[in-house]
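Subject: Structure for you to look at

Dear colleague,

I am passing on the structure we spoke about. Please have a look at it below; my notes follow.

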Amino acid sequence: MPSYQELLAQREQLDKQIKEAVQREKADGIAKAKVIIEQYGLNASDLFSRKAGGTRGPSGKVAPKYRDPATGETWTGRGKAPKWIEGKNRSSYAI
């Protein structure tokens with residue numbers, strides 16, 4: 001059975017081999033990607049389109065859906081309902 005020191009030495013060798021393998025495979029992947037990019041004349045917008053679910057920008061204001069006829073106060077229908085519409089038929093308050 002190998003000693004603790006021997007096992008540590010083996011782990012260091014394996015870590016070094018893993019690091020080298022990752023670098024080698026990454027370089028191979030980059031080289032393949034470059035060939036494909038050159039072959040088809042691709043650019044960054046072709047590869048990284050925002051349609052695929054990129055970051056969302058800030059959304060604008062939401063138009064109100066309901067209005068209190070007594071006060072003129074409005075509500076978008078999002079979040080907690082205001083007191084003036086709680087438990088009531090919302091269709092009568094629709095804008």
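The model is a predicted one. Confidence comes first. The mean pLDDT of the protein chain is 89, and 92% of the residues reach at least 70. By element, H1 has the highest confidence with a mean of 96, while helix H2 (residues 44-47) has the lowest with a mean of 84.

Overall form

Two helices and two strands make up the secondary structure of the protein chain. Read from the N terminus, their order is α-α-β-β. The radius of gyration of the protein chain is 31 Å, whereas a compact globule of 95 residues would come out near 12 Å. Along the principal axes, the C-alpha atoms occupy a box of roughly 85 × 50 × 15 Å. Burial in the protein chain amounts to 9% of its 95 residues. As for contacts between residues at least 6 apart in sequence, 27% of them connect residues at least 24 apart.

Gly87 and Glu12 are 75 residues apart along the chain, and 68 Å lies between their C-alpha atoms. Gly87 itself sits in the segment after strand E2 (74-75). With a relative accessible area of 90%, Gly87 is exposed, because the threshold for that class is over 50%.

Helix H1

H1 consists of 37 residues, and the distance from its first C-alpha to its last is 54 Å, close to the 54 Å expected at 1.5 Å a residue. Directly after H1 comes Gly41, which has a positive phi near 65°. Lys26 is one of the residues in helix H1 (residues 4-40). Its relative accessibility is 54%, so Lys26 counts as exposed. From Lys26 to Ser49 the sequence separation is 23 residues, and their C-alpha atoms are 23 Å apart.

Is Lys61 buried or exposed? Lys61 is exposed, with 85% relative accessible area. The C-alpha atoms of Lys61 and Thr76 are 9.5 Å apart, for a sequence separation of 15 residues.

The nonpolar core

Which residues make up the largest nonpolar core? There are six: Tyr66, Trp75, Ala81, Trp84, Ile85 and Tyr93. In soluble globular proteins, nonpolar side chains tend to be buried together.

Leaving aside residues up to four places away in sequence, Ile85 touches Tyr66, Trp75, Arg90 and Tyr93. Tyr66, Trp75 and Tyr93 are also among the core residues.

Aromatic pairs

The count of aromatic pairs is two. One of them is formed by Trp84 and Tyr93, with 5.6 Å centre to centre and 55° between the planes, and this pair is tilted. The angle of 55° is neither under 30 nor over 60 degrees, so the pair is not classed as stacked or edge-to-face. Trp84 and Tyr93 are thus both members of the core and partners in this ring pair.

Best regards

How values were computed
Residues are numbered from 1 along each chain as its sequence is written. This is a predicted model: local features need pLDDT of at least 70, side-chain atom pairs count only at pLDDT 80 or more; totals for chains, interfaces and linings use all residues. Side-chain values use heavy atoms; hydrogens and water are left out. Rings of Phe, Tyr and Trp (its six-membered ring) pair if their centres lie within 6.5 Å; planes under 30 degrees apart count as stacked, over 60 as edge-to-face and the rest as tilted. Helices (H or I, at least four residues) and strands (E, at least two) are DSSP runs, numbered from the N terminus. Buried means under 20% relative accessible area, exposed over 50%, partly exposed in between (1.4 Å probe, protein chains only). The expected span of a helix is 1.5 Å times one less than its number of residues. A nonpolar core is a set of buried Ala, Val, Leu, Ile, Met, Phe, Trp, Tyr and Cys residues joined through side-chain atoms within 4.5 Å. Contact means heavy atoms within 4.5 Å. pLDDT is the predictor's confidence in each residue, from 0 to 100. The radius of gyration is taken over C-alpha atoms; the globule rule is 2.2 Å times the number of residues to the power 0.38.
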